Amino acid sequence: MTLQGKVAIVTGASSGIGEATAMHLAQRGMIVAISARNAEKLQAVESTIRSQGGQALAVPGDMSCERDIEKLFEEAASLGHLEVLVNNAGRGIYDFVADGNPADWKTMLDLNLFGLMYTAKLAVQEMKKHQSGSIINISSVGGRKGIPGWAVYNATKFGVVGFSEALRLEVLADNIRVVVIEPGAVDTAWGENMPAS
């Protein structure tokens, strides 16, 4: 399948896996709408893609916020119909449950799980119109196995796996694929509040 001229949305695209994914898709000829909270870094990714001959549209936003997600889809619609969503935005905050901060828990739940689900919902609505598309949800090995210090993060990623497996069955007849990618340790700046090793 050629990707040339097709539209993709990549969330969490200002660094790490999201940035690398956006760059790769653009190099394959896709038009990429990219989003992340850090507007300055996101603009730099957009500039790099364009300097290499690719097409990109930076839409800064917080993927735990419904309105920001809606704005991303509204702006991406100007590029053409959506073919690929890479649901990558997420945070991992290290802490043991007994000493954990519920505000941090809510931050992870709102972004890693609710934001991903709402983004997928809007993608499904668009993809059904054309009876095609691929939704790629980034989970983690932590979505299959609990790890001390990452209990709440684990809960969000277990949720991503369960949501994705059910969504796959819901949209199968609409020719929409749902893929879950579960990376292990990746050399990025990901992870907050982690103890010194």
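Predicted model: local features only at pLDDT ≥ 70, side-chain atom pairs only at ≥ 80, totals over all residues.
Local features are reported only where pLDDT is at least 70 and side-chain atom pairs only at pLDDT 80 or more, while totals for chains, interfaces and linings use all residues. Residues are numbered from 1 along each chain as its sequence is written, and side-chain values use heavy atoms, with hydrogens and water left out.

**View 1. Helix 4 packed against helix 5.** Helix 4 (residues 102-130) and helix 5 (residues 151-171) have axes 9 Å apart and pack at an angle of about 15°; helices (H or I, at least four residues) and strands (E, at least two) are DSSP runs numbered from the N terminus, and axes are lines fitted to C-alpha atoms, for helices over the stretch in contact, with angles from 0 to 180 degrees between N-to-C directions. Helix 4 is therefore roughly parallel to helix 5, given that angles under 35 degrees count as roughly parallel, over 145 as roughly antiparallel, 65 to 115 as roughly perpendicular and the rest as oblique. The crossing of helix 4 past helix 5 is right-handed, a term used if the near helix is turned clockwise from the far one by less than a right angle, left-handed being the anticlockwise case. By class, the contact of helix 4 with helix 5 has 14 nonpolar, three polar and one charged residues, where Ala, Val, Leu, Ile, Met, Phe, Trp, Tyr, Cys and Pro count as nonpolar, Asp, Glu, Lys and Arg as charged, and the others, Gly among them, as polar.

**View 2. Helix 1 beside helix 2.** The axes of helix 1 and helix 2 (residues 39-51) come within 10 Å and cross at roughly 25°, so that helix 1 is roughly parallel to helix 2. Helix 1 passes helix 2 in a right-handed crossing. On the side of helix 1 the contact involves Glu19, Ala22, Met23 and Ala26, which meet Val45, Thr48 and Ile49 of helix 2. Sorted by class, this contact of helix 1 with helix 2 comprises five nonpolar, one polar and one charged residues.

**View 3. Helix 3 crossing helix 4.** Helix 3 (residues 66-76) and helix 4 cross at roughly 35°, with axes that come within 10 Å, and the crossing is right-handed. Glu66, Ile69, Glu70 and Phe73 of helix 3 make the contact with Phe114, Gly115, Tyr118, Thr119, Leu122 and Ala123 of helix 4. The contact of helix 3 with helix 4 divides into six nonpolar, two polar and two charged residues.

**View 4. Threonine 119 within helix 4.** Threonine 119 lies in helix 4 and is buried, with a relative accessible area of 0%; buried means under 20% relative accessible area, exposed over 50% and partly exposed in between, with a 1.4 Å probe and protein chains only. A polar atom of the threonine 119 side chain lies 2.7 Å from the backbone oxygen of glycine 115. Apart from neighbours within four places in sequence, threonine 119 is in contact with Thr11, Met63, Ile69, Phe73, Leu85 and Asn87.

**View 5. Serine 14 in the loop between strand 1 and helix 1.** Serine 14 sits in the loop between strand 1 (7-11) and helix 1 (16-27), where serine 14 is buried at a relative accessible area of 14%. When residues up to four places away in sequence are not counted, serine 14 touches Glu19, Ala36, Asn38, Lys41, Leu42 and Val45. The C-alpha atoms of serine 14 and alanine 89 are separated by 9.6 Å, although these residues are 75 residues apart along the chain.

View 6. Most residues other than glycine have a negative phi. Glutamine 131, in the loop between helix 4 and strand 5 (133-138), has a positive phi of about 55° although it is not a glycine, and glutamine 131 is partly exposed at 36% relative accessibility. Asparagine 175, likewise not a glycine, has a positive phi of about 60° and is placed in the loop between helix 5 and strand 6 (176-181).

Conventions. Contact = heavy atoms within 4.5 Å. Polar contact = N/O pair within 3.5 Å; in protein donor to acceptor, adjacent residues only side chain to side chain.
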